[in-house]
Amino acid sequence: MSYLETTHNVYKEAALTPDVGLCCTTNPIWELPGLKIPRIMQEMNYGCGSTVHARDLTNNPKMLYVGVGGGMELLQFAYFNRNKGGVIGLDVVDEMLEASRKNFIIAEEQNDWFKSDFVDLRKGDAMDLPVEDNSIDVAAQNCLFNIFKSDDLKKAIEEMYRVLKPHGKLVMSDPTCEQPMNDELRNDERLRALCLSGSLSIAEYVKALTDAGFGTIEIRARKPYRILDPKSYPTEELIYIESIEVAAIKDPMPADGPCIFTGRAAIYYGDEDYFDDGLGHTLLKNQPLAICDKTTAALQALGRDDIYFSESTFHYDGGGCC
């Protein structure tokens with residue numbers, strides 16, 4: 001049995017018998033006017049963060065969500081796009097698609113604005129999306145890509161890039177790990193399916209996105225996730241896993257490399273009203289400006305003693321330099 005077959009079976013079981021906390025953390029439920037999320041959707045929330053960000057969802061964007069779970073984030077996306085078929089939900093597990101259909105009927109009963117046909121549920125593989133090129137404004141996946149091995153991950157990201165419109169966004173939440181994992185952990189198919197042993201480092205995760213052509217990367221959140229301890233898992237050391245929320249934007253790749261925002265800022269405190277580096281970056285006096293890691297390095301190389309640079313917070317909410 002391949003690791004993908006194991007994953008399929010794990011989530012088939014989770015669709016037939018909801019398993020609270022199966023593989024992921026419990027996330028705060030969005031509190032939005034008129035939005036009620038059925039309990040069954042909350043119980044089937046098999047994600048490790050949120051991919052729903054209001055600033056991505058203006059002007060009725062066409063949306064794609066891969067790996068539907070119990071339909072909770074699909075319902076949240078539909079809140080922002082109340083059009084027939086405005087949100088496409090894809091999954092390879094028939095039982096999960098059927099569970100989502102049933103959950104949407106409950107959601108209709110609890111939300112007078114919601115119609116099940118706002119969501120177009122389709123059977124589909126993340127590595128071969130049944131979606132047209134350049135047709136999606138916002139694509140998302142939650143705690144899916146970390147399961148894939150490197151070749152499959154490459155295909156899945158390339159597929160997301162293909163279907164996104166220019167400047168479209170791929171919004172994701174996945175576990176990451178900065179410590180090395182032994183081969184026994186990496187090759188354990190069930191632990192990989194449970195979103196534990198497939199975790200990449202943040203640098204590897206970002207590189208997989210930029211290798212596909214995404215010119216701008218935003219790391220929006222970084223949070224504690226799980227511990228793999230020697231008493232419970234085949235490891236001799238304690239392994240700490242975090243989850244991150246990331247947006248990869250289909251911007252043209254800059255000649256000097258991608259813009260990667262990791263929550264850094266610069267503050268100019270010199271004698272003038274502002275500092276302009278002549279390359280499109282203007283720092284107003286005593287006003288912090290979010291900057292990408294590439295701009296941070298370029299400004300630091302100037303050797304000025306009147307600009308302060310914060311460390312990466314791994315929390316970025318827009319308004320940056322690039």
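The questions and answers below concern a predicted model.

Biologist: Why is Ser173 called buried?

Modeller: Buried means under 20% relative accessible area. Ser173 has 0%, so the word applies. This serine is found in strand S5, residues 164–176.

Biologist: Which residues is Ser173 in contact with, leaving aside its neighbours within four places in sequence?

Modeller: Cys48, Gly49, Ser50, Thr51, Gln141, Asn142, Cys143, Ile244 and Glu245.

Biologist: Glu245 is on that list. Why is Glu245 said to form a salt bridge with Lys223?

Modeller: The cut-off is 4 Å between a side-chain nitrogen of Lys or Arg and a carboxyl oxygen of Asp or Glu. For Lys223 and Glu245 the N to O distance is 3.0 Å, so by that cut-off the pair is a salt bridge. The pair links distant parts of the chain, with Lys223 in strand S6 and Glu245 in strand S7, 22 residues apart.

Biologist: Are Lys223 and Glu245 buried or partly exposed?

Modeller: Glu245 has a relative accessible area of 7% and is buried. Lys223 has 30% and is partly exposed.

Biologist: What makes Glu218 and Arg55 a pair that ties parts of the chain together?

Modeller: Their side chains meet in a salt bridge, 3.0 Å from N to O. Glu218 lies in strand S6 and Arg55 in the loop between helix H2 (39–43) and strand S1 (63–66), so the bridge ties together parts that are 163 residues apart in sequence. Glu218, at 7% relative accessibility, counts as buried, and Arg55, at 37%, is partly exposed.

Biologist: How many salt bridges does a search of the whole structure find?

Modeller: The search finds 17. One of them joins the side chains of Asp306 and Arg304, at 2.8 Å from N to O. Asp306 counts as buried at 12% relative accessibility, while Arg304 counts as partly exposed at 36%. Salt bridges that share partners also join Arg55, Asp56, Lys169, Glu218 and Arg220 into one network.

Biologist: Which residues of helix H8 are buried?

Modeller: In H8, residues 202–211, the buried ones are Ile202, Tyr205, Val206, Leu209 and Thr210. They cover an arc of only 130 degrees around the axis, which puts them on the same side of H8. The face turned away from that side carries the exposed residues Ala203 and Asp211.

Biologist: What do the buried residues of H8 pack against?

Modeller: They pack against strand S4 (136–142), helix H5 (150–163), S5, S6, S7 and strand S8 (259–261). H8 is followed by Gly213, whose phi is positive, near 115 degrees.

Biologist: Why does Leu238 count as partly exposed?

Modeller: Partly exposed runs between the 20% limit for buried and the 50% limit for exposed. Leu238 has 49% relative accessibility, so it counts as partly exposed. Leu238 is found in the loop between strand S6 (216–228) and strand S7 (239–249). Together with Ile227 and Tyr240, Leu238 makes a nonpolar surface patch of about 270 Å².

Biologist: Where does Glu108 lie, and which residues does it touch beyond four places in sequence?

Modeller: Glu108 lies in helix H4, residues 94–110. Glu108 touches Phe114, Lys115 and Ser116. Its relative accessible area is 31%, so Glu108 is partly exposed.

How values were computed:
Residues numbered from 1 in each chain as written. Predicted model: local features only at pLDDT ≥ 70, side-chain atom pairs only at ≥ 80, totals over all residues. Heavy atoms only, no water. Patch = residues over 30% accessible without salt bridge, like charges linked within 9 Å, V, L, I, M, F, W, Y side chains within 5 Å. Areas by Shrake-Rupley, 256 points an atom, 1.4 Å probe, with all protein chains shown as cover. Helix = DSSP H or I, 4+ residues; strand = E, 2+ residues; numbered from the N terminus. Buried < 20%, exposed > 50% of the residue type's maximum accessible area, 1.4 Å probe, protein only. Contact = heavy atoms within 4.5 Å. Arc of directions from axis to C-beta.
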